[in-house]
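Colleague: I have not worked with this structure before. Could you take me through it step by step?

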Amino acid sequence: MKTADDKGTMLEYMRDESRRSGNCEKIFFPTSEEEVISIFKENPRTPITFQGGRTGVTAGCVPDGGIAVNLERMNRILPLKPQKYGGSIIVQPGVLLQTLRQHLRPYSLFFPPDPTETTASLGGMVSCNSSGARSFKYGSVRFYITALRMILPGGEKLHLKRGACLARGRHFSLTCESGKRISGVLPDITMPAVKKHTAGYYIRPDMDMLDLFIGAEGTLGAVTAVELKLLPVKKETWGAVIFLPSEAAALRLVRLLRGETALPLTLEPEALEYFNSDTLRLLRRAQRSKEALCQMELLPAEDCCALYTEYASDNRKALKAAFEETCSAMESVGGDPRRTWAAINSRNMDKLHQFRHAAPECVNTRISEIKKDCPSVTKLGTDMSVPDHCLEEVMSLYNEGLAAGGFDSVIFGHIGSNHVHVNIIPRTMDEFNRGKELFGRWAKDVAAMGGTVCAEHGVGKIKTALLSELYTEKQLASMQDLKKIFDPCQLLNRGNIFSFLP
Ligand SMILES: Cc1cc2nc3c(=O)[nH]c(=O)nc-3n(C[C@H](O)[C@H](O)[C@H](O)COP(=O)(O)OP(=O)(O)OC[C@H]3O[C@@H](n4cnc5c(N)ncnc54)[C@H](O)[C@@H]3O)c2cc1C
């Protein structure tokens, strides 16, 4: 098995897209489940951090001592099983989203979750319960996992199939392949009632125990194989970027395109994404210098914000009707169809996807530049979501906080699910610290609205403080007790979800 402890590799593998750096003694690159087991057995007292594509933005895969186990070489895709509607496929955790997509193309099937970063691995996506733009229609990774294989501390193999391992109330009992039984009681926790939530463990009475391991951020074991549910690709996908004069207009349009009107919509959008005026300003600057953005249409010069929407169907008439409805809704809030980018073929759709992906990329690049002068700065972005009726309230909360603090910032993301990312771009350490404090205050307010503090990126190591706005100390302790049932010495992914106290 390949291992590495040289300076060059260590430097590269010690960070993720949060731009936080860590350290460890050695990195292992297993190619099989048996090699993962031997790492566990040969290092029984060593802290272990798992890594996938390292595109995470909360430092979940950044080690803090011990060893790192990078699963990128476990990248086999097993033969696809067609089904009456769609299909299923088993993949190893190191398979990248872009590889899976390419593999599925000839079968006209797709895996719906799409964290826009396609170099994410399936193991990382399962561990964060990722979602992305299309989750507005399809939901997060959780809904497309039908089975998982896990390796637990000590090298025990656990195979979990959806529907085959249900808790009874709060009591659960799982049987490892060796016959060893793992039993326990789930914490008494009620998760926020929002569409996207990945802050701490997924816990419900009578739950399918498979769901506990999805979004567990590698704190319970290593994911070594995943069975995915696939859906048939629709014949056509059409998209539009709609430029609007104000955020208020964009929020009104979101409600119309979500179908919150008297008239039912022909099609539900697959994605509904927002880009505020600061984001467009950042993109305009990048458009002048960045090659990838050069292929995009030129952004309007005047101050405006934008909504991105996407529809897919086998029926061209339905797509036309959806576009007409979008057009009249847009006009009713002050939008202008002549200033809208519309895409009705795959080449133009690629351009729109590029536009959508450019915002987080540009922010991450800015943070790297700032780090040269302020090395302690990491990405400072929110991942909170609220119930539908709180959308306007939460946007006001964000805008007022940013204005009062005098921050440079951008707001973009999954507004269809009331889940935008506010990114502060700190110019100094003082701004960085004030930004973190502001996020803490927002977390309290968002929790009071019935929302969540982490909707898709996970808690990782940089959002542990926010979790205590959602759950009491006692509830967090009971979550940690649950971890100890699987990982008694708390060696796995130390510092993720729970601040680790030695
Ligand atoms: C530009 C950009 C845009 C993004 N947009 C989105 C978005 O729209 N939606 C979204 O949800 N995310 C988004 N992300 C975040 C990121 O892509 C996702 O969190 C992704 O799921 C991380 O996958 P990864 O393979 O890179 O995992 P890593 O970063 O390597 O790891 C993530 C976590 O999973 C654990 N882990 C990884 N593999 C395993 C394994 N086999 N077993 C156990 N634990 C494991 C790690 O320890 C860590 O805790 C974006 C990131 C970037 C850079």
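This is a predicted model: local features need pLDDT of at least 70, side-chain atom pairs count only at pLDDT 80 or more; totals for chains, interfaces and linings use all residues.

Colleague: Which domains does the assignment give for the protein chain?

Modeller: The assignment gives domain 1 at residues 2-70, domain 2 at 81-232 and domain 3 at 236-448.

Colleague: What distance separates the centres of domain 1 and domain 3?

Modeller: Taken over C-alpha atoms, the centres of domain 1 and domain 3 are 34 Å apart.

Colleague: And how many residues of each are in contact?

Modeller: On the side of domain 1 there are 5 residues in contact, and they meet 7 residues of domain 3.

Colleague: What area do domain 1 and domain 3 bury between them?

Modeller: Domain 1 and domain 3 bury about 480 Å², and carbon and sulfur atoms account for 55% of that area. The residues of domain 1 that touch domain 3 comprise 1 nonpolar, 1 polar and 3 charged.

Colleague: How many salt bridges are found across that interface?

Modeller: The rule finds 0 salt bridges between domain 1 and domain 3. It does find 4 residue pairs in polar contact across the interface of domain 1 and domain 3.

Colleague: Let us change topic. Which residues around the ligand come nearest?

Modeller: There are 39 residues around the ligand, and the nearest of them are Phe50, Gly53, Thr55, Ser121 and Ser130.

Colleague: Which part of Gly53 lies 2.7 Å from a ligand oxygen atom, backbone or side chain?

Modeller: The atom of Gly53 is a backbone N or O atom. Arg54 likewise places a backbone N or O atom 2.9 Å from an oxygen atom of the ligand.

Colleague: What about Asn493?

Modeller: In Asn493 a side-chain N or O atom is 2.7 Å from a ligand oxygen atom. Of the 980 Å² of accessible area that the ligand has on its own, the protein covers 97%.

How values were computed:
Residues are numbered from 1 along each chain as its sequence is written. Side-chain values use heavy atoms; hydrogens and water are left out. Domain bounds come from an automatic or database domain assignment. Contact means heavy atoms within 4.5 Å. Buried area is the accessible area (1.4 Å probe) that two parts lose on being put together, summed over both. A salt bridge is a side-chain nitrogen of Lys or Arg within 4 Å of a carboxyl oxygen of Asp or Glu. A polar contact is a pair of N or O atoms within 3.5 Å; within protein, one must be able to donate a hydrogen and the other to accept it, and residues adjacent in sequence count only if both atoms are side-chain atoms. Ala, Val, Leu, Ile, Met, Phe, Trp, Tyr, Cys and Pro count as nonpolar, Asp, Glu, Lys and Arg as charged, and the others, Gly among them, as polar. A residue is near a molecule or strand if one of its heavy atoms lies within 4 Å of it. Accessible areas come from the Shrake-Rupley method with a 1.4 Å probe; for residues, only the protein chains shown count as cover.
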